[in-house]
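I opened my notebook to see what I could look up in this structure. Here are my entries, in the order I made them.

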Protein chains: 2
Amino acid sequence: MSTADIAKQFTDALKAGKFDDAEKLWSDDIVSIEAMDGPMKEMRGRAAVHGKGEWWFANHEIHKFEAAGPYVNGDQFALRFSMDVTPKESGKRMQMDEVGLYTVRGGKIVEERFLY
Amino acid sequence: MSTADIAKQFTDALKAGKFDDAEKLWSDDIVSIEAMDGPMKEMRGRAAVHGKGEWWFANHEIHKFEAAGPYVNGDQFALRFSMDVTPKESGKRMQMDEVGLYTVRGGKIVEERFLY
C-alpha cells in the first residue's frame, strides 16, 4: 500500500473512533514522540504506545475529538486534531489544537510525532 | 533562538504578509519539497526557493491565504494553510488546505516540506 492508502485507512479508522483498526496499521516497533519533556516524551514499541493511549483516554474526559486530513508527502502524512477535553487531574476543560506527523515504512506506521 | 522562537517569528511574518521578513529566517541552503512530482518537486538554495515563491504568486490570483499555528516538536514546526486561489492558467478557482512542515538547524529554517 502507498503512504496515501495507509494515511486514508488510518484516518478513516480514527474518524470512526475505531482505534483498534488504526493500531493494526502500526509497525510493532512504532515510536511515539511528544513535544514536551516527561515520562511520555518517547515511547517505543506497540505495547508502550498502546499503553500511552489507554492512559490518555482513562485520564481525560473527551468532549470533542476531531481529525482532519490526511495531508501526504513522500513517506509521511499529517493530521490535524481539534480536541476539547477535561484532564481528570486538573478538572480544567481545555481546547487543544495539534498536528500529528506519521512516518510510514514497509507499509506500516513506524513513527507518530505530535506538534503543538 | 529556540525552534519555538523561530516558528513564532516566521508565522507572525507570514500572517502579516511580510514574506521578506519570513525569508530572513531561511538558511541560505534551504530546501523546499513538494508532494507532487514535477519541476518544483525539490528546490535547493535561497535563490531557487525564492524563485518558486515568486512564480507561485505571479501565477495565482489569491482570494484568501490563512496560516494557523505554529505547532512545535523538537527541531520542527508545522503550519496549517487555508487558501482560496485561482491558478491563472486554468482559471478554475479552488480551495486548498495543506500542512507546511519546517525543520530548523542552527537558528535557521533548513527545510520546508508541504503535505497535502
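For my first entry I needed a rule: two residues are in contact when heavy atoms lie within 4.5 Å. With that, I looked at chain A and found that residues 24 or more positions apart account for 43% of the contacts with a separation of 6 or more.

Ground rules next. I noted that this is a predicted model, where local features need pLDDT of at least 70, side-chain atom pairs count only at pLDDT 80 or more, and totals for chains, interfaces and linings use all residues. Residues are numbered from 1 along each chain as its sequence is written, chains are lettered from A and ligands numbered from 1 in the order in which they are written, and side-chain values use heavy atoms, with hydrogens and water left out.

**Chain A as a whole**

I found 3 helices and 6 strands in chain A; helices (H or I, at least four residues) and strands (E, at least two) are DSSP runs, numbered from the N terminus. From that end, I read the order as α-α-β-β-α-β-β-β-β. The radius of gyration of chain A is 14 Å, close to the 13 Å of the globule rule for 116 residues, so chain A is as compact as a globular protein of that length. (This radius is taken over C-alpha atoms, and the rule is 2.2 Å times the number of residues to the power 0.38.) Along its principal axes, the C-alpha trace of chain A spans about 40 × 25 × 25 Å.

I then asked what share of the 116 residues of chain A count as buried. It is 45%, where buried means under 20% relative accessible area, exposed over 50%, and partly exposed in between (1.4 Å probe, protein chains only).

**Helix 1 of chain A**

Helix 1 of chain A covers residues 3-15, and at 1.5 Å a residue its 13 residues should span 18 Å; the end C-alpha atoms are 18 Å apart, which agrees. (The expected span is 1.5 Å times one less than the number of residues.) Its buried residues are Thr3(A), Ile6(A), Ala7(A), Phe10(A), Thr11(A), Ala13(A) and Leu14(A). They cover an arc of only 160° around the axis, which puts them on the same side of the helix; the arc is that of the directions from the helix axis to the C-beta atoms. Among the elements they pack against are helix 2 (19-23) and strand 1 (26-33) of chain A. Just after the helix, I spotted Gly17(A) with a positive phi of about 75°.

I found a cis peptide bond between Gly69(A) and Pro70(A), with omega about 5°. Pro70(A) sits in strand 3 of chain A. In chain B, the bond from Gly69(B) to Pro70(B) is cis, with omega near 5°.

**Two residues of chain B**

Leu25(B) is in the loop between helix 2 (19-23) and strand 1 (26-33) of chain B. Is Leu25(B) buried or exposed? At 8% relative accessibility, it counts as buried. Beyond residues up to four places away in sequence, Leu25(B) touches several others, including Met1(B) and Phe10(B).

Asn59(B) lies in helix 3 (residues 46-59) of chain B and is partly exposed, at 29% relative accessible area.

**The two copies**

Last, I noted that a rotation of 180° with 0.0 Å of shift along its axis superposes chain A on chain B (RMSD 0.0 Å). The two copies are thus related as by a two-fold rotation axis. Superposition is by least squares on the C-alpha atoms of residues with pLDDT of at least 70 in both.
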